[in-house]
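Me: I'm new to reading structures. Could you walk me through one?

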Amino acid sequence: MEAEHRAGGSPAAPTIAPPASGPQVFELAGGLDLASGRRLEHVTIAYETFGELDQRRANAILVCHALSGDAHVAAGPDRFGEQRPGWWDPMVGPGKAIDTEKYFVICSNVLGGCSGTTGPGSADPATNAPYGLRFPLVTVEDMVDAQAALLDHLGIERLACVAGGSMGGMQALAWARRYPERVASVAGIATTWRLAAQAIAFNEVGRTAILGDPTFSGGDYYDEGQPSHGLAVARMIGHITYLSDDSMREKFGRRLRERAGHAFEFVTEFEVESYLAYQGRKFVERFDANTYLYMTKAMDYFDLSAGHETLAAALAGVRSRLLVLSFSSDWLFPTYQARELVDALKAAGAEVSFAEIESPYGHDAFLLEPEQQRRYLEPFLARVVAEECKRGGGER
Amino acid sequence: MTLSDLLRADLRLVTEMVPEGSRVLDLGCGDGSLMAHLRDEKGCTVRGVDLSPEDIASALGRGLSVVQTDLDEGLTGYADRSFDYVVLSQTLQVVRRPAFVLREMLRVGERGIVTFPNFGHWRVRGYLALRGRMPVSRSIPFTWYDTPNIHHTTITDFRDFVVANGGAIEREVPLVTREWAGAVRPVSVWPNLLADTAVALVRRA
């Protein structure tokens, strides 16, 4: 019935969802020079696009994913051709805050990732075996350079916006500093200009769990199976840092799972234990332990002020309009750090807007509070894209 | 007449005070109407601060840059003298630390423009004198125990306040805003008695 309508092109036809590209792959022919001084000769970038690029090429939005994300940001076919919701589904899609009926949304798996883009699990062309820890350390800036190469390939000279939460926000901020003429605006959500000791500490505990797993084998575990225990522990720690005292109390309390009293044994009893165990197990099925090491290291290294005495000096060349959003209960990427960033942007004379969103959900709020983010993001994007259209962005 | 009509009236005067091409910071900028006007009509470079999520969202839709800020915590980030004008419109009476806010204005701006309701207005005096109660009126529609207006001032008190905090009044425009809907009239005699609102241009002394 619906198919008939579509085929007939009837004006009463239901709205046709804007096209989702499904998984795409781009081979970066020229290789990539990395911040470490090393060079990757062969780089594959997995990406997906949603919606349509307008004629002026003024409506392109790059969404950057966080530590454990991938290119599948919104609903569309996955690599098996099955429709699957995206990791930022409440925010990206037809009629959503990042509206794929209006905007052309691009999302790529980051360099060093494990969902199609070249990373430690990819084959080293020199040996044909997986890189493992021989893969060079990559930085947030390296990730951004890989994305810039992808945009060159797609023929997108200038982005209306780069948006991202958490590590995705770090990439968005790096874009503003690294490619000031290529980004009209930046939306940095639940993010920071550099991690403080507390966040680095949690990352290091996660890495220690992976590196200490007896099956880690110096990172060369691809034949035997990955260090599941270490990776699961790292993920469990991660999940604790993504929640808040309030949200954990509300979600789990001291409730026991499927039992009336204590077992007096070392088994999963509390709801919160069961939740963490489940998150750990699920993660091991889809994520590579080496990538976890590389991603957390890239976050630890990230410092938007690098090379300058002050953050404001480092941001002097920023030309993008910025929207910074933080969440009141996020103690991993706390509001005070967002304010440090905003203050430096103010001092640099940048066009920056900021709001702290009241939410009990901790760092996870950027995935769980679509309406509160939409309130700011929707008018921000609408205005930027309208200005980009007038500017004749791309002027083709 | 609503409070927002009152705002519109004194904001028209603010726009007249700001020369073309100025750098302007609007404290308590609301939905950004003044900023948008200064940007579009006078080519000003504008920035705003406000607390309300709704207002910040509206301002974003106008392409304005607004930072959610509690004025009582100061204007961190902004460099000294980075603005030509800092506007504080109908907001002085709601802050906890008016003196600190004024000093911050004079730090980041060459000049400040402050608009405030005059508590010395005859209606207010009459209300208190005749009824012996805290004044409640159309422009001050709050009971004393449930009001955002915690620091009322008169025009005369405001003059002392500016001087005491290292400033000087360059220009003072006492206004009657309430007589006819939307109409604004400058007051030349007995301003502290006859004006219900004042607009003051201040600078560092």
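Reply: First, the ground rules: residues are numbered from 1 along each chain as its sequence is written, while chains are lettered from A and ligands numbered from 1 in the order written. This is a predicted model, where local features need pLDDT of at least 70, side-chain atom pairs count only at pLDDT 80 or more, and totals for chains, interfaces and linings use all residues.

Me: What does chain B average in pLDDT?

Reply: pLDDT is the predictor's confidence in each residue, from 0 to 100. Chain B averages 91, and 93% of its residues score at least 70. Over residues 1-7 of chain B, though, the pLDDT is below 50.

Me: Where does H12(A) bend?

Reply: Helices are DSSP runs (H or I, at least four residues), as are strands (E, at least two), numbered from the N terminus. A bend is the angle between axes fitted to the seven residues ending at a residue and the seven starting there. H12(A) bends by about 30° at Tyr376(A), and Pro379(A) follows within four residues.

Me: Which residues of H12(A) are buried?

Reply: Buried means 20 or more other C-beta atoms within 10 Å of a residue's own (exposed: 12 or fewer; partly exposed: in between), with C-beta atoms placed from the backbone. Among them are Tyr376(A), Phe380(A) and Val384(A). What covers the buried residues includes H3 of chain B.

Me: How many residues of chain B are in contact with chain A?

Reply: Contact means C-beta atoms, placed from the backbone, within 7 Å. 15 residues of chain B are in contact with 19 of chain A. H3(B) gives the most to chain B's side, with 5 residues.

Terms used
Two residues are in contact if their C-beta atoms, placed from the backbone, lie within 7 Å.
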